[in-house]
Amino acid sequence: MKTDTFRQETKSFEIQKKPLRIIPHAVGVAEILWAICPRERLIAFNDLTADPDSSFIADKARQQGPIFRSKQTELVIGYRPDLVFTVFYSGADFKEKLSQAQIPSFELGHFGSIESVQRQILLIGDVIGEEGNARALVNLMNERIRDLKARTPHRDHPIRVLYYDEGGYVPGRFSNFNSICDMIGAVNVGTEQGIASWSRIDYETLLKWNPDVIIVPDRSKLKELLVSNRLLSHARAIRSNSVYDVPGVYLRASSQYMLLSADLIAGIIYRQPR
């Protein structure tokens with residue numbers, strides 16, 4: 001988000017035995033594992049996975065437990081996992097302590113599109129020995145994507161949607177939001193304007209881009225700030241009352257639940273019940 005650039009790395013991972021005690025260190029990974037892995041093999045979850053503002057399986061994760069905070073490496077080590085799934089934003093100190101304790105960890109890459117999520121599902125399935133369940137989930141996702149596209153209204157001029165997050169950040173081409181827009185026949189304004197990952201914009205730029213619809217996370221007070229700003233009073237989305245609060249869990253989805261996000265946002269921008 002700071003540089004709007006990506007770095008690519010290639011790593012190898014040798015599996016000594018089928019992991020039976022697994023800990024996911026990220027919400028999206030936990031949601032994928034909940035769908036394809038026998039639940040008794042998931043032995044702990046981080047606190048974001050147990051937070052309904054961040055996770056679609058929050059209630060289930062809290063019920064199964066135990067729950068640890070993301071930096072509580074000692075707790076994670078104490079659970080004696082066979083494997084910890086980390087992601088690119090897992091802390092370096094967390095990963096270093098796992099290594100020192102000789103806890104096997106597998107770092108997954110960037111979840112930047114529905115296609116990358118599907119690749120991660122298949123990869124996770126390979127690592128944990130649940131290839132059939134992983135393939136079944138990907139097939140189900142493809143079926144639901146086709147259904148969603150079939151139900152989405154066709155427009156000669158697609159609706160231009162801007163996702164405006166806290167701090168003035170907007171997502172571009174390699175983002176989950178861009179995949180959501182593709183699935184529902186909308187234009188992600190960030191991609192249209194050449195953003196790769198995430199970039200920060202000011203109000204003058206927002207007015208210049210002039211989207212048809214603006215999506216903001218609820219509980220952020222961004223809607224009130226945008227609607228009340230005098231500079232933005234001439235923006236199309238402001239004038240047409242098309243600034244919408246969306247629960248953060250839908251905007252942050254990085255798993256198969258992106259399809260729920262797409263369905264919700266389609267209902268919002270096309271003003272239809274979903």
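A: Val84 in strand 4 is the bridge partner of Ile23. Strands here are DSSP runs of E with at least two residues, while helices are runs of H or I with at least four, and both are numbered from the N terminus. Strand 4 covers residues 83–86, and three bridges join this strand to strand 1 in the parallel sense. Two strands count as paired if DSSP finds at least two bridges between them.

The open sheet has three strands, in the order 1-4-5, with parallel pairing. Strand 1 (22–24) and strand 5 (105–107) are its edge strands, each pairing on one side only. From one strand to the next, the twist averages 20°.

This is a predicted model: local features need pLDDT of at least 70, side-chain atom pairs count only at pLDDT 80 or more, and totals for chains, interfaces and linings use all residues. Residues are numbered from 1 along each chain as its sequence is written, and side-chain values use heavy atoms, with hydrogens and water left out.

Next come the helices. Helix 4 (residues 92–100) lies across strand 4 and strand 5, and runs at about 160° to strand 4. Angles like this go from 0 to 180 degrees between N-to-C directions, using axes fitted as lines to C-alpha atoms, for helices over the stretch in contact. Helix 5 (residues 114–128) also packs on the sheet, where helix 5 touches strand 1, strand 4 and strand 5; contact means heavy atoms within 4.5 Å. The direction of helix 5 makes about 165° with that of strand 4.
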